[in-house]
Amino acid sequence: MSKHIIVIGAGIAGLSAASYLLRNGYQVTVLEKHMEPGGLCTSWKRKGYTIDYCIHWMMGTREGTEFHPLWQDLGAFTNADGSPVPIVNFDTFTTLELSTGESVCLSSNLENVRDTFLALAPEDEKEILKFYKTLKTMAGTTSTNPLVKKISGFRQLMALMSHLLPMQEYANRFESPKLRELFLTEIPSDWSLVSLTMGLAQQPLKSAGYPVGGSLNIARNIARLIEEKGGVIRYKSDVHTIMVSDDKAIGVTLSDGTTVSADYVVSAADGYATLYSMLDGAYVSEPYKKAFGEYPVFPSTVMAAFGIHKDLSSFTHASSLYLKDPIAFADGTTQDRLNLNIYHYDPTLAPKGCTLVTVLFNTWETEAWVTLAQEHPAKYKAEKQRIADEVLKRLEQVFGSLEGLVDMVDVSTPNSVVHYTSNWKGSFEGFAPTKTTLSKRLPKKLPGLANFAMIGQWTTPGGGLPTAAKDGHDIAKMLCKEDGKPFRTSWDGQR
């Protein structure tokens, strides 16, 4: 009989692991606390609208690029009716508004980015041209020629390494205060430059588009293929404890007291909860002690979503607006930027003639939101409504009067993230992409504990859906190697 492997968590890493383990002959059970797959790669419905939380662009959407075979293996781009997921590629990556009131378009055409920067700051011509050249190198290639791909991959890696430096350090290279501000509009000063440039560099090749149907649709596509092939996904199954006997993982105990036995356990759940709750802190290695004690994390979010009874297709799809009149939050933060997403390019998210609009704010004050929600629920509800009202005032400065046009309002907070995903500090991608963290890879195995592995965003600093999917692929490959089995990437036994 084949080994039975439990995968904790049906986020993208867990689903990927389950899919690759299943096609390599393992019996697989995925245990997910929520009622849907995807983890933070999710969407939810409100009054006829689908509110998308995760994907704005996704690496690997074009055939011939590095991550595309992975998504194809997983069935991510095949809908329930067998149709391919349409991919939208944008002419504009994003638009950034400066405190001066000027708007700077980051085009998907890198020559346009270069020219825009030169017009904004001619005194920085030398640095701008270096920036442009590096972006072109980071984009890579779609060539099928093995030699071209190898050379391009090496150059791409070198360019990537050069962009690990902190954003503040890079911004200081420019004389223009406008360019220095631009580089710091959305990215914290200690995060790596690659946080901005990786996505921007992929745009010319159209290799990082948006999948129509949104985040949850991608997760459901992957989950559906797993179940069609005989895998088991149990929803509303919250893992409380990883059972251990003689320093070997032997299964799990759920929050309702149910036990599920296994030959091997792979946790793709929250890293902190896995180590300090499910394993009761018994197997925390030094790298994880250091990471959870010292590494910065991605923020959590306050997201205000609106269903607007209006066609907003004339507006740019993504922008970061400077607020001369900042919004103060109950968590003690003051927000002077508004990250606006207008989903006119995805008709599946709104009724005909209407548009989903979301506004995202980052915050690292998750505990304040959890405390407010738990101890003062009425104040929590009122604060969400106040934020929605404040945001709508700002949106009317963009769209004009919205009186009578707002069909739906929904506000999620870090408390929502913690409630649905248990993510430590409500972080949406684990450890932040700094020069230190991006130079590290945390171990998948824990010292002294056999038949167990960890995967996902807390083991791979920098996060992101492609790295999560690759983690699932790699852990299955590792287990096949341990068991002396050839690793297969397809369902028919072929490599």
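**A walk through the predicted model**

Tyr-288 and Phe-292 both belong to helix H11, which covers residues 286-294, and they stand 4 residues apart, about one turn of the helix; helices (H or I, at least four residues) and strands (E, at least two) are DSSP runs, numbered from the N terminus. The model is a predicted one, in which local features need pLDDT of at least 70, side-chain atom pairs count only at pLDDT 80 or more, and totals for chains, interfaces and linings use all residues. Residues are numbered from 1 along each chain as its sequence is written, and side-chain values use heavy atoms, with hydrogens and water left out.

Tyr-288 is buried, and so is Phe-292, where buried means under 20% relative accessible area, exposed means over 50%, and partly exposed lies in between (1.4 Å probe, protein chains only). The rings of these two residues, Tyr-288 and Phe-292, form a stacked aromatic pair, with 6.4 Å from centre to centre and 25° between the planes. Rings of Phe, Tyr and Trp (its six-membered ring) pair if their centres lie within 6.5 Å, and planes under 30 degrees apart count as stacked, over 60 as edge-to-face and the rest as tilted.

The side chain of Thr-459 reaches the backbone oxygen of Gly-456 at 2.8 Å. Leaving aside neighbours within four places in sequence, Thr-459 is in contact (heavy atoms within 4.5 Å) with Tyr-288, Arg-441, Leu-442, Lys-444, Met-454 and Asp-471.

Elsewhere, rings meet charges. The charged end of Arg-23 sits over the ring of Tyr-20, 4.5 Å from its centre, and the charged end of Arg-114 sits over the ring of Tyr-132, 4.8 Å from its centre; a charge sits over a ring if NZ of Lys or CZ of Arg is within 6 Å of the ring centre and within 35 degrees of the ring normal.

What of the cysteines? With a disulfide taken as a pair of cysteine sulfur atoms within 2.5 Å, the count comes to 0 disulfides. Cys-54 is in no disulfide, and the nearest cysteine sulfur, that of Cys-41, is 4.3 Å away. Cys-54 is partly exposed at 25% relative accessibility, and Cys-105 is partly exposed at 28%.

Finally, the protein as a whole has 16 helices and 19 strands, and its C-alpha trace spans about 65 × 60 × 45 Å along its principal axes. With 495 residues, a compact globule would have a radius of gyration near 23 Å, and the protein agrees, having 23 Å; this radius is taken over C-alpha atoms, and the globule rule is 2.2 Å times the number of residues to the power 0.38. Of the 495 residues, 55% count as buried.

Notes:
Polar contact = N/O pair within 3.5 Å; in protein donor to acceptor, adjacent residues only side chain to side chain.
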